[in-house]
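Please read it alongside the sequence and coordinates.

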2 protein chains.
Amino acid sequence: MTTQSQAREVRDFTANDARIQSLLEHVRPLMDLTALSALAVWDQSTAMPRGAGVVHMHQAATLQSILHDRQTDPRLGAILDELETVIASDAFNDSDRALVRETRLSYDRACKLPRPFVEETSRVRSASFNAWIEAREKNDFKIFAPWLQRTIALQRELADYYGYAETRYDALLDTYEPGLTTSRVEQLFAPVRTASTALLRRIQDSGRVVDTSSVTGTFAIAQQEELCNRILRTIGYDFNRGYLSRSEHPFTISFGSPYDVRLTTRYEEQYLPMTLMAVIHEGGHGLYEQGIAETLSRTPLAGGVSLGIHESQSRLWENLLARSHAFWQGHYSGLRETFPTQFEHVDLDTYVRALNQVQPSLIRVKADEITYNLHIMIRFEIEKELINGNVAVESLPELWNARYREYLGISASNEVDGVLQDMHWTNGFGYFPTYTLGNLYAAQITHTLRRSFPDFDARLSSGDTSFVLNWLRENIHQYGGIYRPDDLIKQATGEVLNSQYFISYITEKFGKLYGLTEA
Amino acid sequence: MTTQSQAREVRDFTANDARIQSLLEHVRPLMDLTALSALAVWDQSTAMPRGAGVVHMHQAATLQSILHDRQTDPRLGAILDELETVIASDAFNDSDRALVRETRLSYDRACKLPRPFVEETSRVRSASFNAWIEAREKNDFKIFAPWLQRTIALQRELADYYGYAETRYDALLDTYEPGLTTSRVEQLFAPVRTASTALLRRIQDSGRVVDTSSVTGTFAIAQQEELCNRILRTIGYDFNRGYLSRSEHPFTISFGSPYDVRLTTRYEEQYLPMTLMAVIHEGGHGLYEQGIAETLSRTPLAGGVSLGIHESQSRLWENLLARSHAFWQGHYSGLRETFPTQFEHVDLDTYVRALNQVQPSLIRVKADEITYNLHIMIRFEIEKELINGNVAVESLPELWNARYREYLGISASNEVDGVLQDMHWTNGFGYFPTYTLGNLYAAQITHTLRRSFPDFDARLSSGDTSFVLNWLRENIHQYGGIYRPDDLIKQATGEVLNSQYFISYITEKFGKLYGLTEA
C-alpha cells in the first residue's frame, strides 16, 4: 500500500444543512475582516510610507476591535452549540467537522479575552515593535527591555486566560502548533541536540574547509530577481495567484484563499544564497497556501494547519530539495546562464558544497542545517524561563550570550547580533520551536517521498519537481486546516512526528559532504 | 488688504465638550474603515495578483456592509440631533461645525439607502468594471451595454433616494461637488465652450504647426522615474508621507490623514509629457492632501473638500505652472541633465511650445488645455441625457461620435477610443464636470496668486515654487473639508467661481504662443 492511497478528497461544506450554512454566513465576513487585517500588514511591510505609522495603528486597532466583537457574537456560540450535538453523524463530512472545531476554538479563545486586554495587547505590540527598531538602531537593549517586560506580563496573562495543563508556556505553544506542549518539545529536541552537537564537533575536527568563493562576490540584483522568479515558476508557484515583492524581511502572506498568496524577499548583492534560498523557502510556504482546496476559501480552514507544518513545506523546498546535489543537477545550467562570469570555472560539486557549509554563527537566519536548530533551542530555553520562571529581563543579554557559548561556542560582541536579532519577541512567545518542528516534519515527509519514489534523486536531477509538488498537494496542501497536525502527518507518513528522520538525514548528508567516517 | 490676511487658523475640535468628543468617538472608527476600504482599492490597483479578484470583491462587500451599519447607527443620529441645537453658539468653532455638518450629510445619505440597494450597487460596480475591461479588450460596446444600463437605473434610483430640486442629475453632481446643479454647470460651461471653440478655430486657421519632436522619441523609464521623483521633491511633496508608485491609470490616494498620501503613474517611453505632466498633476493632488491640518485626521474633514477644488490643485500645478515658460526657466537645466542627448539641440522656447500643442484629439487624457473642456462638455451633455432623458444605451456609440464631430470635428473609428475610453461610467455619473470646474478654479486661484505676487513669473523662473505652495497651504489646503467649496473659493479669491479667469488665461496664453492677433 502506498501512502498516496490514503489521500482523501476534500469535500465541500454540506450545502443542504441550514446550520452549516448559517455558520458559514457568520464565519465568512469574519475571515474577510481577518484578510483585511492581513492586507494592512502586507501594506505596512511593502508599501507604507515611514510617516504613516500612527494612523495605520489606529486603523488596525479599529479592525481588531470589530473582529473581537464579531468573534464573540453569542449567536455564533449558539450555532456552534447546536451543531456540536449532531456534527459526528454521517450527515456531515470532515470539512464540516473541522469548520465547527476551528470556529469553536477561536470563539472560545476570543470569549476568554476581555476587550481591554485585546486592545492593550494591540497597543503594546505596536509600541514594542517601534522600541525594538530603535533599540537595534542604537544597539541598546535597554530601550527595548521595558516593552519586552510588558509583553512577558501580557503573555502570561494570555496563558492564564486560555488555560493549560502543565505550564503557562504550553498555552502559548498551543496557539502556534495545536496540541504542542513543553514536554513534547523537550522530548523531540533532546536527541536532535545530541546528534547535532556531535556532528558539529566531528565536522570541526575533520579540519575540512569549504570553498564558498563561488557564492560570494557581486550578483547583480536584476539578475537575481530574474533567477528567483524563474525558479519559483519552475517549482510550480502560480504567478496568476501571487508574485514576488520586496520587504525588509522575507515573508509569505495570504488573504483567506489560494487565489492570492504573495511572497517577499530582500536582495543581498554580495552573497547569492541569502536571497536565493530565502526565495525558495518562501516559495515552499507559497506552494502550500496556493495548494489548499478552493472550497475552503473564506473559512478558518483556508490556511496552513499549523506553523510547524507550514515550516515543513518551506524547509523541504529550501533545504531537503534546493540544497541537494540532485536538485542542482537539474538547475545548475540555468544558474550559470544567469551568472556566467561567476560560475564559469565552478563545477557543480563545489557549488553545492558552498551551499552546505557548516559553521557556528551568531545569526539564526544565516545558519546551516545543523546549527540552525541549536539557535532555536537557545530561544526555546530562554522563552520557557521568561514565561514559566523568574528570569529578570535586564539579565537577558548576558543569558543570551552564555547560552550561545554553551551551544555554539561563540557569542556576540554587540546586542544587535545577539538578543536583539529577532523581531518575534515584539509579538509574543512560543513561535520559535515551530521552526525546528518544521525541519523535523520536512525530513519525515521526505523520507516517505523517497519510499514512494525509489528513483527520487534521478527524477529530481532531471529538473522536474512536479512529482514532489503533486504528492505534497495530494497528501498535505489540499487539506488546509481540516486535519490537526498529528493526524495529518500520520495520514501522510504513517506515523506521528519522530526526530529520527531528521537525525538520519543530517548525519548521512553531512557525513558524505565532509567525508566523515562512521564514529 | 492682501488675501493672505483672510486666512484663518484651523482650530482643534473642542476638547471640553462631551458631545463633540462622543461624535468623534463614533466618527473615527468609521473613517478607519473608510481608510481600509481605500487601502483595498490601492492594493487592487498596484499589487493584487490577477487571479484574486473574487475574494477581494467579497472582502470589499463585507467592509461596505459594516460601514453602512455604522453609518446608520441611530446613536450617531441622536448625537447629531443634540449637537445641532447648540452648534451655532460661540462655544464651538468652525471645525466642530463642519464636523457636525459633514457627519449629518453622510448620516442622512446613508439612512436614505436601503441595505439591499447598497449591496446591489457594490456588486454591479464590480461586474460593470469587469465587463468594461472585457469590452475594451474586444472593442465591443455591446459587452458593456447591459451593465451600463443597470448602472443608469441604479443611479436614477440613488438620485430619487437622495432627492433633488430640479433634475435627477443634480443629485449626482451634488455628491462630487457639494451644492453644484445642472443649471450652474451649464451657466459656467457656456462661455467656456464659446471661447474655446473660437480660439481653436483661430489656432487652426493660423496654420502654425508646433514642433513636438523634442518630446517624442525614446525616454528611458528609469530616467523618467528619477526625474519625476526629483520634480515632486522640488515642488514640496513629502516623501516621508507618501511616494510615487505605478499603476495602469495614474491616481492619488490617501487614508484619512496627511501622513499617508500616495501617487501613482504609468510610464510611457515614447512621449515624455504623458508621464511627466501626469506626475505633476498627481503631485498637485498630493500636495493638497499632505497640506490638510493634522488635527482633522480620521474625520470626514481630512480630505479635499470637493472634486472640483481637488482638481484645481492638480490642474494648477500641471497646467498653470508646469506648462508655463517661467516654470521651465527654473527646471529646464535639470531636464536637460536627465536627458542630455534628447535636449542637446532644443531651446527652452521650442520645448515649452511642444508642451502646449493644441490639436483636437480623440482621447480626453491626452488633450491640451483648450480642447480638454470640450471633451468634458460632450460627457456632461451625454450624462444629462442618460440620467434625465430617455436615450437608449444601444445608441451611445453613435451619439458619442456625433458629439465628437460637433465639438471637435473628429470621431473615433473604434469604440475603445470612443465611448469605451473612460472607466468612470462603471462607477456612476456626475464626476466629469468637476474636471472642468477644476480648470476654472485653478485659473481663478492663479489670478489671485498673481495679484498677491506681482513678481510671480520672476519668482517662478527661479525654480523655487515654495511661495505658491505656502499660499495654497494657507488659503486652501489646511482647511480640508471645513469650508464648503463656494465659501472656500470666496475666502481665498474674493468671489465665487467665475469662468472669465480661465477664458482670459487661455486666450492670452495661446494667443501669445500661436502669435494670434486680437480678433
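**Salt bridges and burial**

1. E102(A) counts as buried, with a relative accessibility of 18%. The model is predicted, and the values below are to be read as computed from it.

2. E102(A) is paired with R101(A) in a salt bridge whose closest N and O atoms lie 2.9 Å apart. R101(A) is partly exposed, at a relative accessible area of 28%. The two residues fall into separate classes because buried means under 20% relative accessible area and partly exposed begins above that range.

3. In chain A, a salt bridge also joins E369(A) to K509(A), with 2.7 Å between the closest N and O atoms. This pair connects distant parts of the chain, 140 residues apart: E369(A) sits in the loop between α14 (348-355) and α15 (372-388), and K509(A) in helix α21 (residues 500-513). E369(A) is buried at 6% relative accessibility, and K509(A) is buried at 14%.

4. In chain B, R364(B) and D422(B) form a salt bridge through their side chains, at 3.0 Å from N to O.

5. D81(A), E84(A), R104(A) and D108(A) belong to one network, joined by salt bridges that share partners.

6. How many salt bridges does a search of the whole structure find? The count over all chains is 72.

Notes:
Residues numbered from 1 in each chain as written. Chains lettered and ligands numbered in written order. Predicted model: local features only at pLDDT ≥ 70, side-chain atom pairs only at ≥ 80, totals over all residues. Heavy atoms only, no water. Salt bridge = Lys/Arg side-chain N within 4 Å of Asp/Glu carboxyl O. Buried < 20%, exposed > 50% of the residue type's maximum accessible area, 1.4 Å probe, protein only. Helix = DSSP H or I, 4+ residues; strand = E, 2+ residues; numbered from the N terminus.
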